[in-house]
Amino acid sequence: MPPDLAHIALASFDYSPRTKLIFGAGAVARIGELAKELPATKVLLVTDPGIVSAGHAAQVTRLLETAGLKVACFDAVEENPGTHCVEKCVAVARRAGINAIVGLGGGSSMDTAKGCNFILTNGGHMKDYWGIGKAKKPMLPLIAIPTTGGTGSECQSFALITDERTHQKMACGDPKAAARIALLDPALTLSQPPRVTACSGIDAIAHAVETAVTRARNPISDLFSREAFRLTFAGLPRVLKSPGDLEARGWMLLGAAWGGTAIENSMLGATHSAANPLTAHFGIAHGHAVGLMLPHVVRFNAQEPAAAGSYAELARAARLAPRSEAAETAAEHLAHRLEQLMDLAKLTRSLGTLGVQPKDVPRLAGEAASQWTAQFNPRTVAAVDFEQMYSEALNQ
Ligand SMILES: [Zn+2]
């Protein structure tokens with residue numbers, strides 16, 4: 001058996017698609033018809049001020065109202081939303097008496113929409129849903145309309161909500177929280193500011209790379225990881241160079257959705273564990289923090305043959321390494337190319353220039369090691385390993 005197929009032989013999995021996917025430039029025009037099919041009559045639109053400025057919130061509201069639906073809007077979603085943001089959203093939803101939710105925006109809008117859905121339908125507080133499958137009552141149908149090619153949250157059943165007291169990111173997952181419909185319209189992603197294109201695009205690539213090696217990966221997640229990598233790896237340089245390139249925007253949006261599907265089936269690993277404390281304590285954008293740590297994690301994991309084999313498959317498929325190249329060398333080519341993409345995206349690879357000091361490393365490493373995703377990393381990763389990786393990233 002080829003070495004890269006070894007992990008598949010006895011991998012067991014459950015695969016149940018929960019989200020109807022609709023893809024196409026201009027597909028947002030179908031939102032009214034889709035909402036009525038749910039069936040919805042009163043909709044809560046959850047979005048952020050940037051999406052309002054871009055005109056997308058008004059467009060979606062108009063489309064829904066033209067189809068005969070009533071629309072209430074919560075447009076104050078914050079980046080890395082916390083429990084307070086979710087509570088404000090719930091208050092708007094309660095007043096309006098809605099029977100469906102539309103999440104429009106990046107990952108933060110989707111997370112807030114899902115978080116609101118948990119509390120509106122099942123009561124209590126966000127921390128009550130930290131973990132998997134804690135919601136006992138049915139939840140409202142959600143339509144997710146991503147405007148970034150990034151998180152893939154539209155294909156996941158998790159809401160990531162920050163506890164404002166502890167700065168801890170709580171992953172609250174439940175099959176009922178997954179979007180009923182994901183409406184993928186690449187034309188909506190043209191309005192992303194350059195920095196959002198860069199951070200969300202790097203995050204999407206990181207999802208493909210990280211899900212390709214986790215302990216929980218299986219034949220289904222492998223399919224989605226590989227295709228997510230193929231699309232985002234080709235798409236990111238193009239959208240960075242030509243923001244109006246609709247075809248490449250489509251690759252990024254679809255690649256991000258496949259990455260989200262891969263996460264749903266295989267979880268994430270040490271890169272996200274290392275990134276979360278950087279976002280919590282230094283305000284580094286999620287995609288930036290993830291992209292900064294990813295090459296270090298690839299090099300760390302590649303010391304294990306199975307992970308090196310999976311990285312090598314990605315590298316070979318992207319023509320970064322010939323078939324004849326040893327897996328470890330091919331994995332190094334991948335790590336190097338990921339660094340080049342960070343440079344192309346104009347995102348610094350130095351933690352030092354982002355305000356992190358050597359004295360901060362032990363605390364960051366301790367928190368990274370205790371993150372939920374660390375347990376899915378293919379190579380056992382302890383605080384001392386994170387210290388090493390953070391130290392490498394300090395002075396790039
Ligand atoms: Zn991510």
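User: Helices (H or I, at least four residues) and strands (E, at least two) are DSSP runs, numbered from the N terminus; on that basis, in which loop does Asn 80 lie?

Analyst: This is a predicted model, in which local features need pLDDT of at least 70 and side-chain atom pairs count only at pLDDT 80 or more, whereas totals for chains, interfaces and linings use all residues. Residues are numbered from 1 along each chain as its sequence is written, and side-chain values rest on heavy atoms, with hydrogens and water left out. Asn 80 is not a glycine, yet its phi is positive, near 50°. The loop that holds Asn 80 is the one between strand S3 (70-74) and helix H4 (83-96).

User: Does Lys 346, another residue with a positive phi, count as buried or exposed?

Analyst: Lys 346 has a phi of about 60° although it is not a glycine, and its place is in the loop between H12 and H13. Buried means under 20% relative accessible area, exposed over 50%, and partly exposed in between (1.4 Å probe, protein chains only). Asn 80, at 26%, is partly exposed. Lys 346 has 73% relative accessibility, so it counts as exposed.

User: How many residues apart in sequence are the parts tied together by His 207 and His 272?

Analyst: His 207 counts as buried at 4% relative accessibility, and His 272 likewise counts as buried at 4%. His 207 lies in helix H6 (residues 194-211) and His 272 in helix H9, so the parts that this pair ties together are separated in sequence by 65 residues.

User: How many residues does the largest nonpolar core have?

Analyst: A nonpolar core is a set of buried Ala, Val, Leu, Ile, Met, Phe, Trp, Tyr and Cys residues joined through side-chain atoms within 4.5 Å. The residues with the most contacts inside the largest one include Val 209, Leu 278, Met 293 and Phe 386. Apart from it lies another core of 31 residues, among them Val 46, Cys 85, Val 86 and Met 170. The largest core itself has 72 residues.

User: Against which helices do the buried residues of H13 pack?

Analyst: Helix H13 (residues 361-369) has Val 361, Leu 364, Ala 365 and Ala 368 as its buried residues. Seen down the helix axis, these fall within an arc of 100° (taken over directions from the axis to the C-beta atoms), so they line one face of H13. Contact means heavy atoms within 4.5 Å, and Phe 386 is in contact with residues including Ala 365 and Ala 368. The helices against which the buried residues of H13 pack are H9 (270-282) and H14 (383-394).

User: How far does the backbone nitrogen of Lys 136 lie from a polar atom of the Asn 122 side chain?

Analyst: Asn 122 is found in helix H5 (residues 107-122), and at 15% relative accessibility it counts as buried. Its side chain is joined to that of Thr 121 by a polar contact of 3.0 Å (a pair of N or O atoms within 3.5 Å; within protein, one must be able to donate a hydrogen and the other to accept it, and residues adjacent in sequence count only if both atoms are side-chain atoms). From the polar atom of the Asn 122 side chain, the backbone nitrogen of Lys 136 lies at 2.9 Å.

User: With which side chain does that of Asp 360 make a polar contact?

Analyst: Asp 360 is found in the loop between helix H12 (327-344) and H13, and it is buried, with a relative accessible area of 16%. Leaving aside neighbours within four places in sequence, Asp 360 is in contact with Phe 282 and Gly 355. The polar contact, at 3.4 Å, is with the side chain of Lys 359.
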